[in-house]
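Please look over the sequence and the model below before reading on. The paragraphs that follow go from a helix pair to the overall fold, then to ring pairs and loops.

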Amino acid sequence: DLPGQRSALNNLGECYRSLMQLEQAIEVLEQAQEMTGVGTRTLQSTTCCNLACCYMSLGQFHRAVGIHEQDRAIMEEVGNRAGLGQSLNNLGGCYIKLKQFDLAIGVLKQVRVISEDVGDMNTLGSALGNIGNCYWSLSQFGKAIEFYDQGRVIMEKVGNQAGIGRALGNLAASYVEQKMYQKALSFYTQAYAVAEKVGDRDGQGKYAHDLGWALMLQGDFLAATRTFAHSLT
């Protein structure tokens with residue numbers, strides 16, 4: 001049962017990846033990858049996706065790009081538009097890591113069109129946030145704010161609390177760069193509230209620290225001192 005073997009290898013590789021035993025995961029998943037033509041195209045796509053994620057975790061982004069391209073080709077071949085959008089979103093994330101921001105923006109704008117078309121709001125919100133990250137890295141903070149805010153609206157519609165928190169934090173950081181500290185303080189406060197709501201202690205500490213930094217930049221050193229102290233608790 002070769003398809004069953006490939007499925008088992010996929011699952012074993014995913015377990016190793018979840019345990020952050022990435023070398024073992026890659027070894028197993030590459031065995032699955034070598035089973036050319038075995039199993040459904042969806043099963044082959046799963047192998048590609050898991051393997052690419054391992055290489056991304058190891059910082060081997062060029063290798064991840066090649067594998068995400070294989071996954072994209074599979075999704076196009078089988079006509080899986082939702083899967084194609086997710087694959088392209090992953091590919092765009094790789095290009096961001098490689099600092100190839102123009103390439104990333106081009107790919108992620110394709111994701112936006114596809115995700116809107118198929119109604120995949122979580123991927124749409126993620127892609128909008130990633131486009132915002134590109135413009136942030138290019139120091140185009142006004143455009144970054146535009147896309148971060150669009151992503152925030154989508155994440156709020158689907159109730160994705162982690163996505164909402166990220167968008168709020170990114171908006172706040174963008175307003176800091178524009179020296180619009182009151183807006184930054186408002187968004188950092190909202191991001192902190194989301195982190196507190198979902199029990200994200202790391203997020204609470206980060207946003208409390210960032211809030212203190214914004215207060216300090218604004219010249220409110222007393223409030224900044226209290227906020228920095230709170231971030232340490």
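A crossing of two helices is left-handed if the near helix is turned anticlockwise from the far one by less than a right angle, and right-handed if clockwise. Helices (H or I, at least four residues) and strands (E, at least two) are DSSP runs, numbered from the N terminus. By the handedness rule, α1 and α2 cross in the left-handed sense. This is a predicted model, in which local features need pLDDT of at least 70 and side-chain atom pairs count only at pLDDT 80 or more, while totals for chains, interfaces and linings use all residues. Residues are numbered from 1 along each chain as its sequence is written, and side-chain values use heavy atoms, with hydrogens and water left out.

How are α1 and α2 placed relative to each other? Helix α1 covers residues 2-18 and helix α2 residues 22-33; they pack at an angle of about 165 degrees, and their axes are 8 Å apart. That angle makes α1 roughly antiparallel to α2. Axes here are lines fitted to C-alpha atoms, for helices over the stretch in contact, and angles run from 0 to 180 degrees between N-to-C directions. Angles under 35 degrees count as roughly parallel, over 145 as roughly antiparallel, 65 to 115 as roughly perpendicular and the rest as oblique.

Contact means heavy atoms within 4.5 Å. On the α1 side the contact involves R6, L9, N10, L12, G13, Y16 and R17, and these meet L22, Q24, A25, V28, L29, Q31, A32 and Q33 in α2. The residues of this contact divide into eight nonpolar, five polar and two charged. In that division Ala, Val, Leu, Ile, Met, Phe, Trp, Tyr, Cys and Pro are nonpolar, Asp, Glu, Lys and Arg are charged, and the others, Gly among them, are polar.

The protein as a whole has twelve helices and zero strands. Its C-alpha trace spans about 70 × 35 × 30 Å along the principal axes. Of the 233 residues, 45% are buried, where buried means under 20% relative accessible area, exposed over 50% and partly exposed in between (1.4 Å probe, protein chains only). Among contacts with a separation of 6 or more, 50% come from residues 24 or more positions apart.

Next come the aromatic rings. Rings of Phe, Tyr and Trp (its six-membered ring) pair if their centres lie within 6.5 Å; planes under 30 degrees apart count as stacked, over 60 as edge-to-face and the rest as tilted. The count by this rule is three aromatic pairs. One of them, W136 with F141, is edge-to-face, at 4.9 Å centre to centre with 70 degrees between the planes. W136 is partly exposed at 27% relative accessible area, whereas F141 is buried at 16%. Y175 and F187 form a stacked pair, 5.7 Å centre to centre with 5 degrees between the planes. Y175 lies in helix α9 (residues 161-177) and F187 in helix α10 (residues 181-198), so the pair ties together parts twelve residues apart in sequence. Y175 is buried at 10%, and F187 is buried at 16%.

The loops remain. Most residues other than glycine have a negative phi. K99 has a positive phi near 60 degrees; K99 sits in the loop between α5 (81-97) and α6 (101-118) and is exposed at 62% relative accessibility. S139, also with phi near 60 degrees, lies in the loop between α7 (121-137) and α8 (141-158).
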